[in-house]
Amino acid sequence: MPVIKHAEGMDFATFHTTYETLVEKARGNKLLPDDFAGATITLTNPGTIGTVASVPRLLKGQGSIIATGAIRQIGPAKIMTITSTYDHRIIQGAESGLFLRKLDSLLQGEDRFYEQVAETLAITGLGARDSGLGPAPARALPSPEPRTPSPDELKHVAAAMALVKAFRNFGHMAARLDPLGSEPPGDPALDPGPLGLTPEIMARIPAEVLRIYVPGRTLAEAYPKLQETYCGTIAYEVEHIGSHQERLWLRQVIESGEHRKPLAPEQQRKLLGRLTAVETLERFLHKAYLGQKRFSIEGLDVLVPMLDQTIELAGAGGARRVVLGMAHRGRLNVLAHIVGLPYETIFAEFEGGRNVEETLTPEGGTGDVKYHHGADGVYQTAAGKPVNITLTPNPSHLEAVNPVVEGRARANQTNRRGKEPIHDGTVALPVLIHGDASFAAQGVVAETFNLARLKGYTTGGTIHLIANNQLGFTTDPKEGRSTDYSSDLAKGFDAPIIHVNADDPEACVAAARLAMLYRDKFHGDVVIDVVGYRRHGHNEGDEPAYTQPVMYERIKQTPPVRQRYADQLARDGVVPAADATSESEQMYQRLADIQQSLKANLREGGGGKGEEPQRISGAYPAVTEPDTAVGAPLLTTLNEQLLTVPGGFSVIPKLMKQLERRRPALAEGGGQIEWAHAEALAFASLLAEGTAIRLTGQDTERGTFSQRHLVLHDAKDGRRYAPIQNLPGARAPFELHNSPLSEFACLGFEYGYAAAAPETLVLWEAQYGDFTNGGEVIIDQFIIAGLAKWGQTSRLTLLLPHGYEGQGPEHSSARIERFLALGADRNIRIANCTTPSQYFHLLRRQARHPELRPLVLFTPKSLLRLPQATSRLEDLTAGRFRPVLDDPEGGTRATATRLVLCSGKVYYDLLLSPQRARATHVAIGRVELLYPFPAAELAELIKRYPAITEIVWVQEEPRNMGPQKFMLPQLRELVGPGVTVRDIGRPERSSPAEGYPAAHQAEQARIVAEAFAS
């Protein structure tokens, strides 16, 4: 493109002359190379071909392109678009904006722009703009200037745009969302009157200029449609979303009504049928089992049709599974009508009979209340496609199931059959049904939302349904949250929010349709606030009128949604009223028949007595221990591959020295294998054997103590490379992710993942073991009790750094005592290893053991680099994990009279003490597996020391913490009355450890001295 040089120094006449000269040279093919050099700003005019707006692409060497569009008539004004496309390395966005603002001001006539142009060209006849040049001879303008809109016209257009913006931002405040008929608060910005917009003025404003998508040529025609769209029984909050693309798409879909297409009569009849099934089940249960808790769905019956719509669309989009999580309300209805659980099974839970097929209680388990259970089923879509449904079991901690559902969905979405994990968010859909009070108040909701867009945790978008009772247990919303809506939390995570009246079933189905459209398009979370009520109290034995008398008087006067919808369809001639009533009666009679048949079967089978179940530990036969040794050639090969990086990759020199020590460590006979090295070899060997692994946690890629370094970063450009994810012989993938600063949600996520992928070794690492405090709900309610309550277990492994090194109360104890107190019926495994080889074999044992159980593994800190706490190659290539380890000098201490037993780091405090050599009467044994209690192995160890008169349990923890209270009774059962069993540890304290290093050292020294005392 030819260049006008030094344009900044020209007046308009000179510029025009130079321009015409260049045009003439171009037409005569006389342009020289110099005419194309030196451009700083390029001008282009696509408007000459009718283009309204253009954003040209910069070519190499261009700094900025200014493009002008065609002039078009918008109402009383003529408008032209000017764009600036710039190289941000040369021009900043703010500078570009200032330039365009200056350009606009000049074109509007500021700074005597047109007068100066006229003066340089000697032009008169500027129309409305008086040049002030007088009657001097001059050329006339070729055409009159376009009429400038009057200030009133501009004011009215601005007011109209403000009105549209108000509908989009605040229309929900005037929406009719409450089935109980309360008046919405409204918002003054929605009233056109104060804006000066009369019907006559609104009729003169073209809808096109407002960029709205509702029908209507003018604002007057569009205004009722805007009211209907934003202030009806469905309302939207989307303007908080940061993405312009998403906001624009949502406006178009919402205002065009793409998601609200009228239902055909057949679809309406089907919808009524679903509402009838939902209501009739609740009505039957209420009469047949009066006063029993069931947490009825009544008042939010429409949740079931909304789930129908969601699953139908998920199936059409390729989903093979939907993972559901919900609290109590409506759970039985969802089990029956979405999961497909037989009515007999649900009734059996009320009858109390255990001898019923498909009972919800696991074999040997204690079971759970009926409204906590999960189940699996198959949903057949209208198109005939089967979609697997998993309703995840949950405790009374209402929102705790949220991250578990996300983890399950992620596991279902991940293909682990090859070397690389392939994640496809369309394969499974997570759906969460929340309570309104719990959504706003329970922190795990925010933690789970925070996972949604993270690479290691995303599930392609979750559909969140808030079952909004407009009430907590007895707590009004104004006492339960600081926000207008329970859903407001989701705004912080850029999720679109749809509010809908639960008594408008078709609007509710439309809301579900919009949510799925958004998920398919943007793969993000959506929240639907389903505003309903609770027909009975918090549970069916509760009297709600004690605390909300006015609300419950209104509920009494409100007909059920099925009745309302049946009346509507009767008025529209779709379903005769008599037919709707008959269908309900037939459904009720069917339920009564099923109940009578069940009762007869229970009487004949002798069920219904609620007998004590057998124990889980007796329900499963003993299994063979897996072989965990690995051949030396394979380990040597894997070790070399773990130290190999691509050509051109620069390992940080300081780190390279650490990693290089791992080569000679595998030398026969003398190498020292540290903890992180043994861990990497264990992982690599499992991958080579085809076991998939997932490891997550805070700073886990490097390791809290700078020990792991599974991910390397190039010293020059920072790029990432993980040798363990690039092993040539790997037959399974390794998912490795640093987690956000969360324990509750992250631990719940990994629990859900491990439960849905039982063949996978899933590990979650706490930054320090103490930090599990933040995830106690997941530990207590899911990991510990899940097997007994729901028959659900996994290989989930918790890596919890534990040990007293003088780092204070919050960086010492992983609370061993808590886990030991929670161990029963062989529900979990608890270990505290003292050598890298033990850690190596225990990891491989956990991955290969035929009996799935979670493992709580207390991992070291100072031992990570302690020279005495290392292993040799032969320790990995032979043997297995040993629950109990003898004194390394056991043969020379066979006459010991005191057997000291300990676990973990304190062993090395004892081993390395100068007092040990003198204390020949003391032998030291290590208990590596704390639970299940290794009674046989300890009995064998005790037999090796026939002269002992006492067994002393030594621990670092205070005596009211650590393993002491668990170990002493167990040890006393193993020995006769002639052997004393006692303990040594810190005095009982409320805090786990000292805050001062000197005090810590004094306590450690005292413990060691007492252990060796005569």
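This is a predicted model: local features need pLDDT of at least 70, side-chain atom pairs count only at pLDDT 80 or more; totals for chains, interfaces and linings use all residues.

1. The crossing of helix 8 and helix 11 is right-handed. Helix 8 brings Leu-281, Phe-284 and Leu-285 to the contact, while helix 11 brings Tyr-343, Phe-347 and Phe-350, and by class the contact has six nonpolar, no polar and no charged residues.

2. The second largest pocket holds about 730 Å³ of space and has a lining of 26 residues, with Asp-178, Ser-182, Gln-470, Arg-481 and Asp-484 lying nearest its centre. Helix 15 (477-480), strand 17 (526-531) and helix 17 (549-556) are the elements that give two or more residues to this lining, which divides into eleven nonpolar, six polar and nine charged residues.

3. Ten cavities of 30 Å³ or more are counted. The largest cavity has about 100 Å³ of space, and 13 residues line it, of which Gln-707, Arg-708, Glu-765, Thr-859 and Leu-864 are the closest to its centre. Helix 23 (675-689) and strand 23 (797-801) each supply at least two lining residues, helix 23 giving the most, with three.

4. The second largest cavity has a volume of about 80 Å³, and its lining includes Arg-662, Arg-708, His-709 and Pro-723. This lining divides into eight nonpolar, one polar and two charged residues.

How values were computed: Residues are numbered from 1 along each chain as its sequence is written. Side-chain values use heavy atoms; hydrogens and water are left out. On a 1 Å grid over the protein atoms alone, a cavity is a set of points where a 1.4 Å probe fits but cannot get out, and a pocket is an open set with protein on both sides within 12 Å along at least five of seven lines; lining residues have an atom within 4 Å of a point. Grid points are joined across faces, edges and corners, and a volume is the space filled by probe spheres set on the points. Helices (H or I, at least four residues) and strands (E, at least two) are DSSP runs, numbered from the N terminus. Ala, Val, Leu, Ile, Met, Phe, Trp, Tyr, Cys and Pro count as nonpolar, Asp, Glu, Lys and Arg as charged, and the others, Gly among them, as polar. A crossing is left-handed if the near helix is turned anticlockwise from the far one by less than a right angle, and right-handed if clockwise. Contact means heavy atoms within 4.5 Å.
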